[in-house]
Amino acid sequence: MEELLEILEDIKPGVDYETEDKLIDNAILDSFSILSLVSELEDAFDIEITPVYLVPENFNSAAALWNMVQKLQEEN
């Protein structure tokens with residue numbers, strides 16, 4: 001989770017990712033941020049984020065992102 005938080009901070013600094021739960025709904029992360037995030041997560045965690053996972057629910061919070069990462073790692 002710590003590495004995920006560092007990646008988020010690099011992409012969009014100054015957000016309290018540990019408590020924010022509307023990263024998409026409140027437009028904190030835009031489409032460019034999400035593309036960057038997908039690429040970083042795939043590299044950092046050796047996963048492939050397929051289009052079926054590209055839904056707001058998976059990107060609205062660090063916890064949701066971490067759950068998605070863990071699920072994808074289990075599938076590998």
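Colleague: What is the handedness of the crossing of helix 1 and helix 4?

Modeller: In this predicted model, helix 1 and helix 4 cross in a right-handed way.

Colleague: Thanks! How do I describe the packing of such a pair?

Modeller: The general idea is that two packed helices are described by the angle between their axes and the distance between the axes. Here, helix 1 covers residues 2–11 and helix 4 covers residues 62–75; they pack at an angle of about 125°, and their axes are 10 Å apart. That angle makes helix 1 oblique to helix 4.

Colleague: Which residues of helix 1 and helix 4 meet?

Modeller: From helix 1 come Leu4, Leu5 and Leu8, and they meet Ala62, Leu65 and Trp66 of helix 4. Sorted by type, the residues of this contact are 6 nonpolar, no polar and no charged.

Colleague: Let me turn to the loops. Is Ser61 buried or exposed?

Modeller: Buried means under 20% relative accessible area. Ser61 has 13% relative accessibility, so Ser61 counts as buried. You will find Ser61 in the loop between helix 3 (56–59) and helix 4.

Colleague: Leaving aside neighbours within four places in sequence, what is Ser61 in contact with?

Modeller: With those neighbours set aside, Ser61 touches Glu20, Asp21 and Leu23.

Colleague: And where is Asn26?

Modeller: Asn26 sits in the loop between helix 1 and helix 2 (31–45). Its relative accessibility is 46%, so Asn26 counts as partly exposed.

Colleague: How far apart are the C-alpha atoms of Asn26 and Ala64?

Modeller: Those C-alpha atoms are separated by 15 Å, while Asn26 and Ala64 are 38 residues apart along the chain.

Terms used
Residues numbered from 1 in each chain as written. Predicted model: local features only at pLDDT ≥ 70, side-chain atom pairs only at ≥ 80, totals over all residues. Heavy atoms only, no water. Axes fitted to C-alpha atoms, helices over the stretch in contact; angles between N-to-C directions. Helix = DSSP H or I, 4+ residues; strand = E, 2+ residues; numbered from the N terminus. Parallel < 35°, antiparallel > 145°, perpendicular 65-115°, else oblique. Left-handed = near helix turned anticlockwise from the far one by under 90°. Contact = heavy atoms within 4.5 Å. Nonpolar A, V, L, I, M, F, W, Y, C, P; charged D, E, K, R; others polar. Buried < 20%, exposed > 50% of the residue type's maximum accessible area, 1.4 Å probe, protein only.
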